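Please look through the sequence and the model shown here before reading the briefing below, which goes from the whole chain to single residues.

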Amino acid sequence: MRITRLFRLTRLVTLLGRLFKKSRSFLNTNGFKYLLYFSLLFIITGGGLLAYFEDMSVLDGVWCAFVTLATVGYGDIAPSTNGGRAIAVILMLFGIGLIGSLTSTITSYYLHSKKNEVVSNDRVDMVEKMYNELNDAEKELFREKIKEDAKDCP
């Protein structure tokens, strides 16, 4: 029973490691992580400014900034002063750009992963072609070398 739990834990750790690696790779695509940092800064700053102009709590200001930046616009809190509206317009424009950047990052990430997959398949085809061109003695030496290398692998 304990061994089964250990295997489950090992699989979970492996899965989380893969997820972390892919997430980091995605966030590094097109410098998307910097855009997210900038968005967070925009939300906090915009929320503070909205709270100042609209005479509301900072949490309500941050909520309004987040909803506006995310282009959701629930309408539960809407700016009524000219300063608040100007901040909201800037947040809306940045939010539209953020959605476009997210879309292009997703596209780039998947196209890049497909390109690597194609290159990998091309290398396999090249090795198979080279292997097929070997004579029987060379093929036997190749197989022995592969077996020796496999022993050294963990």
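How many helices and how many strands are there in the protein? There are five helices and zero strands, where helices (H or I, at least four residues) and strands (E, at least two) are DSSP runs numbered from the N terminus. This is a predicted model, in which local features need pLDDT of at least 70 and side-chain atom pairs count only at pLDDT 80 or more, while totals for chains, interfaces and linings use all residues. Residues are numbered from 1 along each chain as its sequence is written, and side-chain values use heavy atoms, with hydrogens and water left out.

**The whole chain**

- Read from the N terminus on, the elements follow the order α-α-α-α-α.
- Of the 154 residues, 18% count as buried, a word that stands for under 20% relative accessible area, with exposed being over 50% and partly exposed in between (1.4 Å probe, protein chains only).
- Among contacts with a separation of 6 or more, 58% join residues 24 or more positions apart, a contact being heavy atoms within 4.5 Å.

**The loop between helix 1 and helix 2**

- Thr29 lies in the loop between helix 1 (residues 2–28) and helix 2 (32–54), and Thr29 counts as buried because its relative accessibility is 14%.
- Leaving aside neighbours within four places in sequence, Thr29 is in contact with Thr105, Ser108 and Tyr109.
- Asn30 belongs to the loop between helix 1 and helix 2 as well, but Asn30 is exposed because its relative accessible area is 51%.
- The phi of Asn30 is near 55°, which is a positive value in a residue other than glycine.
- As background, most residues other than glycine have a negative phi.

**The loop between helix 2 and helix 3**

- Asp55 is found in the loop between helix 2 and helix 3, and its phi, near 55°, is likewise positive although the residue is not glycine.
- With a relative accessible area of 73%, Asp55 is exposed.

**The loop between helix 3 and helix 4**

- Ser80 sits in the loop between helix 3 (58–69) and helix 4 (82–132), and Ser80 counts as exposed because its relative accessibility is 51%.
- When residues up to four places away in sequence are not counted, Ser80 touches Glu54 and Arg85.
- Ser80 and Glu54 are 26 residues apart in sequence, and their C-alpha atoms are 7.0 Å apart in space.
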